[in-house]
Amino acid sequence: MSEGNDILTELDAIRQRAIDALAAVQDENTLQTWKTAHLGRSAAVMQIFSQIGQVDKALRGQVGQKANQVKQALEAALAEKEQAVREAVLARKLVAEKLDVTLPGRKPAYGRLHPATLALEDICQNLMEMGFQIYRSPEVETDENNFELLNIPAYHPARDMWDTFYTTKPGVLLRTHTSPGQIRAMRQVAPKPLRAILPGMSYRYEQTDASHESQFDQVEVIAVGPGITFGDLKGMIEDLAHRMFSPDVHIRLRPSYFPFTEPSAEVDIECFICGGKGCAVCKGGGWLEIGGCGMIHPTVLQNGGYDPSKFSGFAAGLGPERIAMLKYHIEDIRYFWGNDARFLEQF
Ligand code: FA5
């Protein structure tokens, strides 16, 4: 009898302990632990059920009923707490992951082409439309291709025109211009006629200033065939300038000297910023030099594998950075390879 009454008191205590423990639960993990401890197989209330056979017959019904009530009360409290915990977790998440839909969006930073690449591609595209084909030639060259076969022997004073970066390997250097590509292209195609462009980087050991860098692009243009004349060279340059700038821009060929061409000329383009009147970009002259050109020297034709009595040809070396400076009004060539994103983002 007293045992049955003890159990009834014990059941009250079990409920109270469980309810008190539940009050401290804040998250789903501890809730799960609580469930195992207070409603699991070895929970105190479950132990009572298993001992019910030993209770006094007179009190057995009452104890069973009370145990059931306690169990149901705990299950109800659990369900309520589950709901409360879920809501609290959601509320915390909403605060932590707060999204302000009224904030202005952030612009993604798109990649873009370098202005030198833009100018290089523009020149190549127009020349391809005029029937020239792109050839590749290496930036690390032999002295033979860069100088000797272009009619510039070791003792020739014209070597001073190109201050050279030599490598530690004798006879190997960084090309000072794209003209050695003339030899490579001619040797690949001779004795058939050739129309080629050779774009790429050139290097010179130079004092840099607003219009001179120690690395810069060039585009070599070369045509070899029977009966090619200086008129063809001029026509090609004029056509290219009209396509790239405007149909009314003027070009000028100024007599010059290159050992690998005869006659030779510098290519000037009318400054279209001031229309030839003279401004800061053209330094008041009204004209800007964008390249060198000429009729390929017979010795060079021969070195390329052509018979100079049957073939003639023209060649030109243009500077894309100088052309980009004109096109985009860039005042200093050193911006090109300075890697300043504020400059590069403008193109
Ligand atoms: C030459 O390099 C000749 N190979 C061009 C040539 C080719 C002549 C075929 C005849 C036949 P020059 O050194 O002038 O020539 O350079 C040609 C162009 O390259 C220049 O007009 C200029 O646009 C560009 N250039 C030359 N040096 C630099 C430099 N330091 N920085 C930027 N651009 C340069």
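Reader: Which residues have the most contacts inside the largest nonpolar core?

Author: In this predicted model, look for L127, F132, V221, M236, I269 and F314, which have the most contacts inside that 35-residue core.

Reader: Okay, and which helices and strands each supply at least two residues of this core?

Author: On the helix side you'll find α5 (115-129), α8 (230-244) and α10 (320-328). The strands are β5 (215-225), β7 (261-270), β8 (287-296) and β9 (312-318). With six residues, α8 gives the most to this core.

Reader: What does M236 touch, leaving out residues up to four places away in sequence?

Author: Click on M236 and you'll see L127, M130, F132, V221, F314 and A316 as its partners. There's also another core lying apart from the largest one, made of 25 residues, including L150, I222, F258 and F260.

Reader: Now the cysteines. How many disulfides does the count come to?

Author: First the general idea: a disulfide is a covalent bond between the sulfur atoms of two cysteines. Here the count is zero. Take C124: the nearest cysteine sulfur, in C293, is 17 Å away.

Reader: Is C124 buried or exposed? And what about C293?

Author: C124 is buried, at 6% relative accessible area. C293 counts as buried too, with 2% relative accessibility.

Reader: Last one: how is the chain divided into domains?

Author: Domain 1 covers 3-96 and domain 2 covers 115-344. Their C-alpha centres lie 90 Å apart.

Definitions and conventions
Residues are numbered from 1 along each chain as its sequence is written. This is a predicted model: local features need pLDDT of at least 70, side-chain atom pairs count only at pLDDT 80 or more; totals for chains, interfaces and linings use all residues. Side-chain values use heavy atoms; hydrogens and water are left out. Domain bounds come from an automatic or database domain assignment. A disulfide is a pair of cysteine sulfur atoms within 2.5 Å. Buried means under 20% relative accessible area, exposed over 50%, partly exposed in between (1.4 Å probe, protein chains only). A nonpolar core is a set of buried Ala, Val, Leu, Ile, Met, Phe, Trp, Tyr and Cys residues joined through side-chain atoms within 4.5 Å. Helices (H or I, at least four residues) and strands (E, at least two) are DSSP runs, numbered from the N terminus. Contact means heavy atoms within 4.5 Å.
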